[in-house]
Amino acid sequence: MTVHDKFLALGTHFGKVFLLDVQGNVTQKYEIVQVFGLYTREGFHESFDCPIKVVALHPQFSKSNNKQFVTGGNKLFLYERNWLNRWKTSTLHEGEGSITNIKWRANLIAWANNVGVKIYDISTKQRITNVLRDNTCLRPDMYPCSLCWKDNTTLIIGWGSSVKICSVKERDPTEMRDLPSRYVEIVSAFETEFFISGLAPLADQLVTLYYVKENSDHMEEEFRARPRLDIIQPLPESCEEISSDALTVRNFQENECRDYRLEHSEGESLFYIISPKDIVVAKERDQDDHIDWLLDKKKYEEALMAAEISFKNIKRHDVQVQNAGSHIFIISHMRDYDTAARKCQKVLGKNMDLWENEVYRFKTIGQLKAISQYLPRGDLRLRPAIYEMILHEFLMTDYEGFATLIREWPGELYNNMTIVQAVTNHLKKDPTNSILLTTLAELYTYDQRYDRALEIYLRLRHKDVYQLIHKHNLFSSIEDKIVLLMDFDKEKAVDMLLDNEDKISYLHKLFKRDHHKGQKYHEKQISLYAEYDRPNLLPFLRDSTHCPLEKALEICQQRHFVEETVFLLSRMGNCRRALQMIMEELGDVDKAIEFAKEQDDAELWEDLISYSIDKPPFITGLLNNIGTHVDPIILIHRIKEGMEIPNLRDSLVKILQDYNLQILLREGCKKILVADSLSLLHKMHRTQMRGVRVDEENICEACHVTILPSDTAQPFSVVVFHCRHMFHKECLPSQGTIPGVQYCNICSAKRRGPGSGILDMKK
């Protein structure tokens, strides 16, 4: 068996090879030796005269210059693809029995036969070592050799009960002579208690799969026990056991040492134990597994502590341990409710589902009050029903605690109307309860029902009544309550009335801060600005979207505010009347021209010209400013002969200069457009004149066969389009309606443009 991060390849004793996904589902099955690309069209298919025991690919086989693999049976064959795309076979080794295991790492190939383990350097084409097996009394077919590479230069050999760790090193050039450029040094060799069925590296340690035989207490003969998966720390002449697990696989009583294998996936640090009936997947224990074990043992405090200490190394658990709710529940059963509630913030964190589950658990044991002060109330919030449930609990048992929560909790956490109704129902039983009345006033304030809150504050003679009036501009609501305010606090009431006699300053500051707040007072503000602060009237009319235009126009016309009236007329759509007022009442040609520019209406320009045609100063202003909006010829033709116009020569010179400037701009834009078009045309031409590479990896889009024949000596004809689609000439459909022009039928079918042929290759 061999493993990959995405699939497994499993061989059976019957000569079949199965491809499985990581869940163990069979995806493909093969019955002959094949080397093929799962995601490419390349492949190698061959039938052999003798059984093939093992196959190994070059680690970089997918790259074009590393098409090599070896097979092991009675001989070790190396297959290489040459430059003609044909496979070349060479014998690397023979004559020492069957080859049972091959491992290829970088440029080094290690294999095991009946005699020992050899290592071959593919870069220098030299065999660099021969490591003899120690336990020659054991049959090599019953106790096969296990090989694995720890890195590019470290080979681990397990055979029988012995383990050797070999390091491949570079030989000193002065000592080479006729020797290989590399040699092997055994850095560690030791014996194990059991027989080795598989090896795999784990950092600086080893994962070993043992075949175990034990002696029976009642019988003299040995019996087969469950296989063991151990982690050991190699030492120069011995090893230290780190951990040991006995594996339960089916029919382990009947299995031999050769029936077990150990493979590992380097990408995900997974280990696969293969037996005749089972495949067991093992992975390294981590802090998450430790937390799972603590949770299973109901050691919730220790699980939480482990999660907090190792929060950088855990993946499946964060400080919110998934079953931490059980931990809190256990603490609450120990009647340490405040500790349990305080732990919620750290344990549950941002998991709103866990939060809600814990709240219901605290409700079950009657301890909602304990958790109330720790509930999330910022950006992350629970459902409103959770907060309402806790408020109802306080309302039933603790009025002061209820009032405290209302003051501390934002009003958005719960449905304000639901809580108001609940408080109202309680006030029916105790209508003079000052705590409930004050809380109800605060709820009305959150709901912006300030008049109701004001009534309650005045009834209670509450100290915050004046703050409420000033904060929410409730002056219109206290007209009939002046006596109550005077009776409550005469000095504050008098100061408030004197400071807010006309409210112009307050409303003006409020409007500057937010144009939409106080919108119901905008009609009143028009009269106030007109009476006391005309300079701010026009800015107010420009910025306000809530003031009634008819009322504003009436006030401005009564007071003969021309500029404000002009703005209101234009805003109401009566631009002609607005322009007429500018020309007749203001007599400002520049302002009239500016107004016509803002409206950009041809009829307004016509009205302005008609009104100005008998007024020389107006004609001068139009000649100086009309050039970019209206053809000056229209105005010049309508000027009466003999009329004296001030600065006429300068105005005509300016018109000609503006016209020349427009001509220059147009010519400049034309030159830029032509240059850009020519540049793009050259770029397109260069692109279409480029060659297109055609090699053996390209296929015909019609027949899906390689575009180049396997025998390039034979004549062939290929057509390549600008869209990079390629066809055998005989695979193309007949030519279109235009003689001599061929189109790509794929691009034409997809409506992406026909694409004409750019290359016709023949040989």
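**Close-up views of a predicted model**

**View 1. Cysteines of the chain.** With a disulfide taken as a pair of cysteine sulfur atoms within 2.5 Å, the count comes to zero disulfides. Cys145 is in no disulfide, and the nearest cysteine sulfur, that of Cys166, is 9.8 Å away. Cys145 counts as buried because its relative accessibility is 5%, where buried means under 20% relative accessible area, exposed over 50% and partly exposed in between, with a 1.4 Å probe and protein chains only. Cys700 is likewise in no disulfide, the nearest cysteine sulfur being that of Cys703, 3.6 Å away. Cys700 is buried, with a relative accessible area of 0%.

The structure is a predicted model, in which local features need pLDDT of at least 70 and side-chain atom pairs count only at pLDDT 80 or more, whereas totals for chains, interfaces and linings use all residues. Residues are numbered from 1 along each chain as its sequence is written, and side-chain values use heavy atoms, with hydrogens and water left out.

**View 2. The whole chain.** The protein chain holds 26 helices and 30 strands, these being DSSP runs numbered from the N terminus, with helices (H or I) of at least four residues and strands (E) of at least two. Of the 763 residues in the protein chain, 41% are buried. Among contacts (heavy atoms within 4.5 Å) between residues at least 6 apart in sequence, 46% join residues at least 24 apart.

**View 3. Helix H19 and its surroundings.** Helix H19, residues 562–571, is mostly covered, since eight of its 10 residues are buried. These buried residues are Val562, Glu564, Thr565, Val566, Phe567, Leu568, Leu569 and Ser570. They pack against helix H17 (537–543), helix H18 (549–558), helix H20 (575–586) and helix H21 (589–599). Just after H19, Gly573 takes a positive phi of about 100°.

**View 4. Helices H5 and H7.** Helix H5 (residues 352–364) and helix H7 (residues 384–397) pack at an angle of about 20°, with their axes 11 Å apart; axes are lines fitted to C-alpha atoms, for helices over the stretch in contact, and angles run from 0 to 180 degrees between N-to-C directions. H5 and H7 are therefore roughly parallel to each other, a term for angles under 35 degrees. On the H5 side, Glu356, Val359, Tyr360 and Lys363 meet Ile386, Met389 and Ile390 in H7. By class, this contact of H5 with H7 has five nonpolar, no polar and two charged residues, with Ala, Val, Leu, Ile, Met, Phe, Trp, Tyr, Cys and Pro counted as nonpolar, Asp, Glu, Lys and Arg as charged, and the others, Gly among them, as polar.

Notes:
Parallel < 35°, antiparallel > 145°, perpendicular 65-115°, else oblique.
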